[in-house]
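The following exercises concern a single structure. Each task is followed by a solution in steps.

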Amino acid sequence: MDITQTIVQEIVSQCGRHGFIVSGSLAHFYLMAQLLVEEKDSNRGVELPPEKIEALVDNAVQRLTQSDSPSLETFKLQASVTTMKQEQVNRSRTEEIQHKAKAQQLIQEICMKSDPNQVCSDMTLYVLHESRLFSSTIDLVQKETMTALESVISRASVAPFIAQKHEEKAKQLDELWRIVWGIRLF
């Protein structure tokens, strides 16, 4: 059972009783640094008896409530950088999930339509979305993308595209956006 959060809360609480405001992320970082030296089991976990937990909490409170400690300031900086990096990773993951969801939505819309003009317009939006220029308000980017798309798949070729199965359309759309993006880059 992972009791890390309970230990972190206890560290923060005890530091508060000493008149120091310590963030949960700093307490967590300090705790994880202390556990690095502990012996790990086969799952890379650390088993701690209650007296060891108390000693860890006491040590953390003692170190985190020091005044004018250069080593503590360095530790705070390390914790801050680590927290910021993790937040950036989390934001990137969230953005990527949202991007994929929107791409799937666009693919569904393209696959459901039967009007060649609407399909061409949506294909352009899909290419812009996949190339991360979907929110671009620059008409030139949209026009260049549409021109590149039409050089790859002409309006006359849209009708056979519409007649394909959903899976084939999705596969071809993935190939199309890569080819069009390559043309735009070139």
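**Exercise 1.** Determine which backbone oxygen atoms the side chain of Thr65 reaches, and whether Thr65 is buried or exposed.

*Solution.* Step 1. A polar atom of the Thr65 side chain lies 3.4 Å from the backbone oxygen of Gln62. The side chain of Thr65 also reaches the backbone oxygen of Val61, at 2.6 Å. The term polar contact denotes a pair of N or O atoms within 3.5 Å; within protein, one must be able to donate a hydrogen and the other to accept it, and residues adjacent in sequence count only if both atoms are side-chain atoms.

Step 2. This is a predicted model, in which local features need pLDDT of at least 70 and side-chain atom pairs count only at pLDDT 80 or more, while totals for chains, interfaces and linings use all residues. Residues are numbered from 1 along each chain as its sequence is written, and side-chain values use heavy atoms, with hydrogens and water left out.

Step 3. Thr65 is located in the loop between helix 3 and helix 4, where helices are DSSP runs of H or I with at least four residues, and strands are runs of E with at least two, numbered from the N terminus. Leaving aside residues up to four places away in sequence, Thr65 touches Cys15, His18 and Phe20; contact means heavy atoms within 4.5 Å.

Step 4. Thr65 counts as buried because its relative accessibility is 15% (buried is under 20% relative accessible area, exposed over 50%, partly exposed in between, with a 1.4 Å probe and protein chains only).

**Exercise 2.** Is Asp68 buried or exposed, and what is its phi?

*Solution.* Step 1. Asp68 also belongs to the loop between helix 3 and helix 4.

Step 2. With a relative accessibility of 81%, Asp68 counts as exposed.

Step 3. Although Asp68 is not a glycine, its phi is positive, at about 50°.

**Exercise 3.** State how many helices and strands the chain has, and what share of its residues is buried.

*Solution.* Step 1. The chain comprises eight helices and zero strands.

Step 2. Of its 186 residues, 30% count as buried.

Step 3. Along the principal axes, the C-alpha atoms fill a box of roughly 75 × 35 × 25 Å.

Step 4. Among contacts in the chain with a separation of 6 or more, 63% join residues 24 or more positions apart.
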